[in-house]
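Student: I have a structure to read and I am new to this. Can we go through it feature by feature?

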Amino acid sequence: MKIEDFKKKNEEQIFVIDGGEQPPLLKYKKLEEIPWIRHCFTTREGGASKGIFAELNLSFTRGDEEAAVRENYRRVAKRMGTEVSHFVCSDQTHTTNVRVVTQEDAGAGVVRERGYTDVDGLITNEPGLVLSTFYADCVPLYFVDTKHHAIGLSHSGWRGTVNRMGARMIEEMKHQFGSNPGDLLVAVGPSICVDCYEVGEDVAGEFQKAFPDTVVLQKGKQEGKYQLDLWKANEQLLLDAGIRKEHLEITDLCTCCNPELLFSHRASHGQRGNLCAFLELTGKH
């Protein structure tokens, strides 16, 4: 599926497809209603990368040409109305570590080295910083505090989800900014769906313990295998953490089902680039 085909599907009920120029960007309608943030989720289209990284790979660490990745960031920055030096990137290792991002972090991971490691969640209340996290099947989580004008963005694969990364983000935003879960808007981004995500008994057992009252597992297609629903698991843990259901947007766009539009680790057997989620406070409150 290409972006033009995507425009015709029912995901438009959730997303606005900003495809007037290259690269096209996916945006949540609910988050687009907030005038003091910018946000998006990238696709594979509209970049300078070639081969398995075609076209809009945003990772410097997967073997792509550095010049192409830098050009891809430049194009995204232009489309978002920001500068490449304003991006602040996570250092994802499937933790639940959250970093409070300040102006001292501007450009980290793109124009200069990060001054931190092992960070899967980023939060800030400082305008002009573009929180940046990476994906190719794992779950992006966007957080916007509509009262205290603070934001958060986190990466949550199966390890992050079973360890309740979403709840960890809410706790840290409450601690740092006084955020109340009832004031937070949260969006669950494009990631692997239950039909595509087969796991073994070890992973399934961890989810059975972590979500005893929620059906997040289905019988697998093979003996001893299970289908894991990361969307349902994240929905439940976010509701448990106090997010209001009417403030929660959950995609049904699967990375693995749509390998022409989105990078998928599972669909490509690891031969791929990275998508990005971006979220910025603009300061225009």
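Tutor: Start with two terms. Helices (H or I, at least four residues) and strands (E, at least two) are DSSP runs, numbered from the N terminus. Two strands pair if DSSP finds at least two bridges between them. In this structure, β2 and β3 are joined by 2 bridges and run antiparallel. L25 stands opposite T42 in β3.

Student: Where do the coordinates and numbers come from?

Tutor: This is a predicted model, where local features need pLDDT of at least 70, side-chain atom pairs count only at pLDDT 80 or more, and totals for chains, interfaces and linings use all residues. Residues are numbered from 1 along each chain as its sequence is written, and side-chain values use heavy atoms, with hydrogens and water left out.

Student: What is the order of the strands in the open sheet of 6 strands?

Tutor: The general idea comes first. Strands of a sheet pair through backbone hydrogen bonds, either parallel or antiparallel. Here the order is β1-β2-β3-β15-β7-β4, and the pairing is mixed. β1 (15–18) and β4 (87–89) are the edge strands, and each pairs on one side only. Neighbouring strands are turned by 30° against each other on average, direction ignored. For such angles, axes are lines fitted to C-alpha atoms, for helices over the stretch in contact, and angles run from 0 to 180 degrees between N-to-C directions.

Student: How many residues lie between β1 and β2 in their hairpin?

Tutor: There are 6 residues between them. The two strands pair in the antiparallel sense over 4 bridges. F15 has Y28 in β2 as its bridge partner. Further along, β3 (residues 37–42) and β15 (residues 275–281) run antiparallel with 5 bridges. H39 stands opposite L279 there.

Student: Which strands form the open sheet of 3 strands?

Tutor: The order is β11-β13-β12, with antiparallel pairing. Its edge strands are β11 (198–199) and β12 (217–219). Helix α6 (residues 201–210) packs on this sheet and touches β11, β12 and β13. Contact means heavy atoms within 4.5 Å. The direction of α6 makes about 55° with that of β13.

Student: Is E249 buried or exposed?

Tutor: Buried means under 20% relative accessible area, exposed over 50%, partly exposed in between (1.4 Å probe, protein chains only). E249 counts as buried because its relative accessibility is 17%. E249 sits in strand β14 (residues 248–250). Leaving out residues up to four places away in sequence, E249 touches I14, Y28, K30, V186, A187 and V188.

Student: Which residues point each way from β10?

Tutor: L184, V186 and V188 point one way, L185 and A187 the other, and all are buried. β10 pairs with β14 in the parallel sense over 3 bridges. V188 has I250 as its bridge partner in β14.

Student: How much space lies in the largest pocket?

Tutor: Rolling a probe the size of a water molecule over the atoms shows where empty space is left. On a 1 Å grid over the protein atoms alone, a pocket is an open set of points where a 1.4 Å probe fits, with protein on both sides within 12 Å along at least five of seven lines; lining residues have an atom within 4 Å of a point. Grid points are joined across faces, edges and corners, and a volume is the space filled by probe spheres set on the points. Here the largest pocket holds about 760 Å³. Of its 33 lining residues, R62, Q92, F134, R272 and N274 are the closest to its centre.
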